[in-house]
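Open the model in your viewer and keep the selection tool ready. Each stop below names what to select and then says what is there.

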Amino acid sequence: MTYTKKDLISTKDLSKDDIYSFLNLAKEYKKLNLEPVKKDPILKGVTVVNAFFENSTRTRTSFEIAGKRLGADTINFSSSTSSTNKGETLIDTINNIEAMKTDVFIVRHYSSGSAQFVAKNTPSCVINAGDGCNEHPTQALLDLLTIFESKGSFENLTVTIIGDIFHSRVARSNIYAMQTLGIKVRLFGPPMFMQNAEIFGCEICRDMDEAVRGSDAIIMLRIQLERSDGEVAFPSVREYSKYFGLTKRRLEVAKDNVIILHPGPINRGVELNSDVADDPRISSILDQVENGVAIRMAVLKTVYQNKFKA
Amino acid sequence: MTTLIKNATIINATQTLKANILIENEIIKSISSDEPKADKIIDASGKLVFPGLIDMHVHFRDPGLEYKDDIITGSMSAVAGGVTTCCPMANTNPVNDNAVITRDMIAKAKKRGLIDLLPIGAITKGMGGKGITEMGDMSEAGCVAFSDDGLPVSSSDVMRSALEYSAFHKSFIINHSQDCSLCRGGHMNEGKMSMLLGIKGMPREQEEIMISRDMLLAKLTGGHIHVAHVSSAYSLKLIEQAKKDGINITCEVCPHHFTFDESELISYDTNFKMSPPLRTKSDVEAMRNGLKNGSIDVICTDHAPHHTDEKFLEFDKAPFGILGLQTLVPLTLNLVRQGVISYNDMARLTSKNPAKILNLPNKGEIKEGFLADIAIIDPDFEYVYDESLNKSKSKNSPLLGKKLKGASLITIKSGRVVFDFPNVVA
Ligand SMILES: [Zn+2]
């Protein structure tokens, strides 16, 4: 493993070699996860805290399973039961948990930059499990593993990310990692979510047909229907699905072996139609979920061991 | 009591002059080559003698939020920065929206005697944006202008009345130019950087829209609108055009807006979070041009102390604003060093023009008969702006702990030495 940091905050910090090492280690763990006894007790005695200041059942569960398979004691801490609701600051909350001699924080928080903020102010390992609109590095790694397994390599690939680019931490982490790997990344979404997207240095598509055509993999982003009010969004779910949703019919112009990824949970019939989501020949969504556990095991093991190397 | 400043290189807005300055009590008695006897002699060889700086946009958080700063620590920060006159904004708690509070604030500053404190009163009662304040009464009590800074007046009708009524009382309106209906909970400049960081942005157009409205209302009423802390290049274009058209408009810029751009936010450092936000390199360039070509009238700090606990948070939770008083001189001197403005321009932007706009007839210049408000500045003096030098109760400056060049070594207020680097003395 070439990665040497005690934290994983951003895919910007990952070299090509780092990414391949994470994927290779995850492949090992994927095999382990098919065994009847799914244990590599390398983190036995280590306390891993899922510090979730924003709800996410599936990411939390995935991290929890990953930690347990490595023998760690995983503790769930979520903001609905936390003291941040009583006015305690984020760092106070972290310091208080750490005082109980914990080792790793998996941080999910609604503020961009918060995972880095925590990592800078704690000696514990920190894994970014999604910070605001900023990044979600383990999601990018599991997407990459899924694409790699389907395509056999990252050579000459075109990946298109479609949806609410501005609010998407999945998009950012994927863009950075894919650019490091030399994958061609293209973006498409409603104009209010695409302002200044050229900063990422990706090709910007003008319509759904263009976005679909020529892609080896398409990452459909989740539309945050529950997003805070006061924000001007698209006019209706109906119109969103018409111009930005993916259906079987839309896929007629796609490459034969295109695969579809989605970070979940899907809004069926909005960004993704069931005829695509449920077709195992094109939808890789369940592979992503499976790969998520393996990737998180690889990341957990790596950052924890790095803490003692430096 | 007499003081002689010997071997002074006097920097006024319109001229540089080598002379000796005799101060008698609080007045500049004479400027000449003579060396009259005096009770106290200050040798200013190798230094620059500026008129005391006038900062027409500060927040002293007093009354009500004295844990951030108060009128005393605000005054101390001011004189440590060469500033002898400050205009604190009205967004205190309670709001400075009546003559009683105005008088209290002035009295508190007078008692300590470090600076002249000239309050900016609120435009609307409680800064609620609706009914305008008793501007006549408040002007009599000592308010020099009116502003709901921080809570821009969104109603055009209220702003129209405020411009008309303040003009009747020979005063004027300062507006924080921001169309809040376009804010969408933004925390930084909207643009490539906000897209990169995943932080909601405030488009520059919210500033430009408000400036456009205010200049049109100034046209309608003949009132004087002063645009607070300009930050966008196009804002300046609008102001330049309005000036050409004879509209009664002036504007100010803060050192952070001609020094830093939004790329500083890459580390999510909340000490770079301010409103208006840091914008792009080309906006910074435009601010420098505006200072050079005279379309910007005033440099002010928007000194905005916030407690460490409040800034030590996630970026989107932290409040807007940074300290400014003690970094005004070094940051403005950077412009001189970089050839953007001259020392004389610096005196014009930090003293002469604010005195003119605020209608202070005996300030803004080193001139016989004027108030002896003086900053003796060493432009080459290098030091670390650390916590021992910082006079504010707050520490929210991205420059804290950094090496700075140039400072007021001696600050004189009404003839008395009130600051002698590094200590407030009076
Ligand atoms: Zn303001």
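**Stop 1: a buried alanine**

Select B:Ala228, which is buried at a relative accessible area of 2% (buried means under 20%, exposed over 50%, partly exposed in between, with a 1.4 Å probe and protein chains only). This is a predicted model, where local features need pLDDT of at least 70, side-chain atom pairs count only at pLDDT 80 or more, and totals for chains, interfaces and linings use all residues. Residues are numbered from 1 along each chain as its sequence is written, chains are lettered from A and ligands numbered from 1 in the order written, and side-chain values use heavy atoms, with hydrogens and water left out.

B:Ala228 sits in the loop between strand 14 (225-227) and helix 7 of chain B. Helices (H or I, at least four residues) and strands (E, at least two) are DSSP runs, numbered from the N terminus. Now show its contacts beyond four places in sequence: B:His57, B:Ile174, B:Asn175, B:His176 and B:Glu252. Contact means heavy atoms within 4.5 Å.

**Stop 2**

B:Asp149 is in the loop between strand 10 (145-146) and helix 4 (156-168) of chain B, and B:His176 in the loop between strand 11 (173-175) and strand 12 (188-189) of chain B, so the pair ties together parts 27 residues apart in sequence. B:Asp149 is buried, at 5% relative accessible area. B:His176 is buried too, at 5%.

**Stop 3: two helices**

Select residues 205-221 and 233-244 of chain B, which are helix 6 and helix 7. They pack at about 10°, with axes 9 Å apart. Axes are lines fitted to C-alpha atoms, for helices over the stretch in contact, and angles run from 0 to 180 degrees between N-to-C directions. The contact of helix 6 with helix 7 of chain B has six nonpolar, two polar and two charged residues. Among those that meet are B:Ile211 and B:Met215 in helix 6, and B:Leu238 and B:Ile239 in helix 7. Ala, Val, Leu, Ile, Met, Phe, Trp, Tyr, Cys and Pro count as nonpolar, Asp, Glu, Lys and Arg as charged, and the others, Gly among them, as polar.

**Stop 4: the chain start**

Finish at B:Met1, which is exposed at 54% relative accessibility.
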